[in-house]
Amino acid sequence: MPPGPCTGAPVPGTGTALRHAHWWQRRVVRAGALIALLALSGLVILALVREQTGTEGFLAGLGLAVLPVPLLIAAFRWLDRVEPGPWRNLLFSFAWGACAAALIAIVANSFATRWIAVATADPSSADTLGATVIAPVVEESAKAAAVLLIFLFRRRDFTGIVDGVVIAGVTATGFAFTENILYLGTAFGTDQLSGQSGLTSVTAATFFVRIVMSPFAHPLFTVLTGIGFGIAALSAERHRLRRVLLPIAGLLLAMGMHAAWNGSSSFGPYGFFAVYAAFMVPAFGLLTWLVIWTRQRELGTIRRELPAYAAAGWLTPPELLVLGSMRARRLAREYAGRHLGKPAARAVAEYEAYATSLAFLRHRGRRGRAGSDFVVRERELLHELWRRKDVARPALAHAAAATAPEVVPPYVLPYGHPQGQIPYGAMPPYGQVPYGGIAPYPAYNPYRS
């Protein structure tokens with residue numbers, strides 16, 4: 001790799017290394033500061049919640065609030081199966097929602113509600129205004145900050161709508177986790193004072209409303225923000241106004257739905273069920289359909305873009321069939337794990353992920369949305385594929401035979417087919433072949449491990 005900022009080598013014309021010029025730009029320093037900030041926020045929010053609920057209430061709330069978390073995380077991870085994002089982004093998102101966003105919400109909501117109560121001398125109206133106006137604005141803004149940070153600083157991992165949905169949903173899951181501890185712990189303390197227990201207790205009612213009926217409420221609100229960022233990620237860099245306005249529009253929609261949900265209790269004894277049936281259920285169904293439809297489009301993109309790399313000799317025909325099918329990809333991972341162990345299964349999963357990223361990168365390039373690092377990124381992805389090919393290809397070939405035994409090699413593109421033309425990046429130097437021909441794997445390749 002040539003010297004430059006990415007390697008920490010001296011930059012031509014400066015005579016000094018970037019890492020010595022700006023120590024705060026080191027990845028270790030930034031990661032350490034972020035971890036310290038989240039840890040401090042977690043300690044503060046832990047102390048605040050424990051102070052309000054008591055030790056027993058906190059433990060009871062924690063035990064009940066954790067129940068929906070694995071299911072929600074698994075659901076969002078399932079949505080992200082085509083091009084799984086790194087776990088570090090999900091861990092950051094959950095920690096931000098559970099610690100930083102929750103702390104911001106508790107402090108800001110309490111301050112604003114008290115200020116309104118003093119200013120209006122009407123505590124009941126202040127509580128209503130705080131729940132329906134202040135809380136949606138503060139909470140959705142705090143959760144959106146995590147999506148914004150990943151959008152800005154992990155841009156390679158944020159490529160479309162599904163990424164926005166997953167990051168926003170996991171952030172909101174962390175926020176709801178902390179909020180549920182507070183509500184359930186408070187309800188438990190109320191039952192301890194009144195002596196109530198069983199299905200008629202406040203704890204049971206709170207558990208039913210927050211954990212059984214609406215575990216997806218907070219994720220559903222914040223997902224609207226994530227969709228706005230996801231569409232912005234699909235926009236070309238020259239459309240700067242669109243890239244700014246779309247996330248803001250998503251955030252405003254999230255605030256509006258959150259406000260309607262919080263205000264449902266003021267619509268009468270059946271207000272909760274009316275809002276739930278009229279808004280929450282249809283919105284949940286619509287967003288679920290949108291995400292699944294988007295995932296199918298992603299698979300279609302893989303099928304359309306990867307044949308160019310097969311024509312250049314980087315992929316084999318069976319791989320094209322497997323990479324465009326979720327079932328075949330799963331079979332390949334299972335085959336590798338069964339015969340070669342977990343490291344091989346992980347290598348196959350990484351191979352599939354890198355190939356998917358390569359297809360999306362080429363798709364953005366053809367549509368004029370690729371960044372200035374297109375060639376560098378393409379080379380990196382091809383290099384990662386080449387490193388894992390010896391382990392991945394037998395598993396992918398087995399999956400192709402199991403799902404489509406009628407495959408007839410060789411894979412030939414018709415002359416002049418748009419996917420046979422290779423106008424981007426690093427492919428031509430290593431796979432120059434006539435359009436529609438079959439490229440043998442190069443005898444020499446700098447990416448060979």
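Which residue takes a positive phi just after α6? The residue is G195, whose phi is about 80 degrees; the points below begin with the basis of the model and then return to this helix.

1. Basis of the model. This is a predicted model, in which local features need pLDDT of at least 70 and side-chain atom pairs count only at pLDDT 80 or more, while totals for chains, interfaces and linings use all residues. Residues are numbered from 1 along each chain as its sequence is written, and side-chain values use heavy atoms, with hydrogens and water left out.

2. Helix α6. Helices here are DSSP runs of H or I with at least four residues, strands are runs of E with at least two, and both are numbered from the N terminus. The 34 residues of α6 (residues 161–194) should span 50 Å at 1.5 Å a residue, and the end C-alpha atoms, 48 Å apart, agree with this; the expected span is 1.5 Å times one less than the number of residues. Because 26 of its 34 residues are buried, α6 is largely enclosed by the rest of the structure, where buried means under 20% relative accessible area, exposed means over 50% and partly exposed lies in between (1.4 Å probe, protein chains only).

3. In the model, residues 165–187 are 100% helix and 0% strand, with end C-alpha atoms 31 Å apart. Residues 91–117 are likewise 100% helix and 0% strand, and their end C-alpha atoms lie 38 Å apart.

4. Helix α5. The 31 residues of α5 (residues 123–153) should span 45 Å at 1.5 Å a residue, and the 42 Å between the end C-alpha atoms agrees with that value.

5. Helix α15 and its kink. A straight helix of 30 residues would span 44 Å at 1.5 Å a residue, whereas α15 (residues 374–403) spans only 33 Å between its end C-alpha atoms. A kink of about 70 degrees in α15 is centred on K389. K389 is buried, at a relative accessible area of 12%, and its side chain meets that of D390 in a salt bridge (3.0 Å, N to O), although D390 counts as exposed at 59%.

6. A search of the whole structure finds 15 salt bridges, each defined as a side-chain nitrogen of Lys or Arg within 4 Å of a carboxyl oxygen of Asp or Glu. R388 forms one with E350, the closest N and O atoms being 2.8 Å apart, and this pair links distant parts of the chain, with R388 in α15 and E350 in α14, 38 residues apart. R388 counts as buried at 13% relative accessibility, while E350 is partly exposed at 29%; both belong to a network of salt bridges that links E350, E384, R387 and R388.

7. The side chains of R362 and E305 meet in a salt bridge at 3.4 Å, N to O. R362 lies in helix α14 (residues 342–366) and E305 in helix α10 (residues 271–305), so the pair ties together parts that are 57 residues apart in sequence. R362 is buried at 0% relative accessibility, and E305 is buried with a relative accessible area of 0%.

8. Other contacts. G300, found in helix α10, counts as buried at 12% relative accessibility; G300 and G324 are 24 residues apart in sequence and 7.1 Å apart in space, C-alpha to C-alpha.

9. A nonpolar surface patch. L241, V244, L245, I248 and L252 form a nonpolar patch on the surface, with about 490 Å² of accessible area together. Patches are made of residues with over 30% relative accessible area and no salt bridge, like charges being joined within 9 Å and nonpolar side chains (Val, Leu, Ile, Met, Phe, Trp, Tyr) within 5 Å; accessible areas come from the Shrake-Rupley method with a 1.4 Å probe, and for residues only the protein chains shown count as cover. L252 has its place in helix α9 (residues 240–262) and is exposed, with a relative accessible area of 53%.

How values were computed: The bend at a residue is the angle between axes fitted to the seven residues ending there and the seven starting there.
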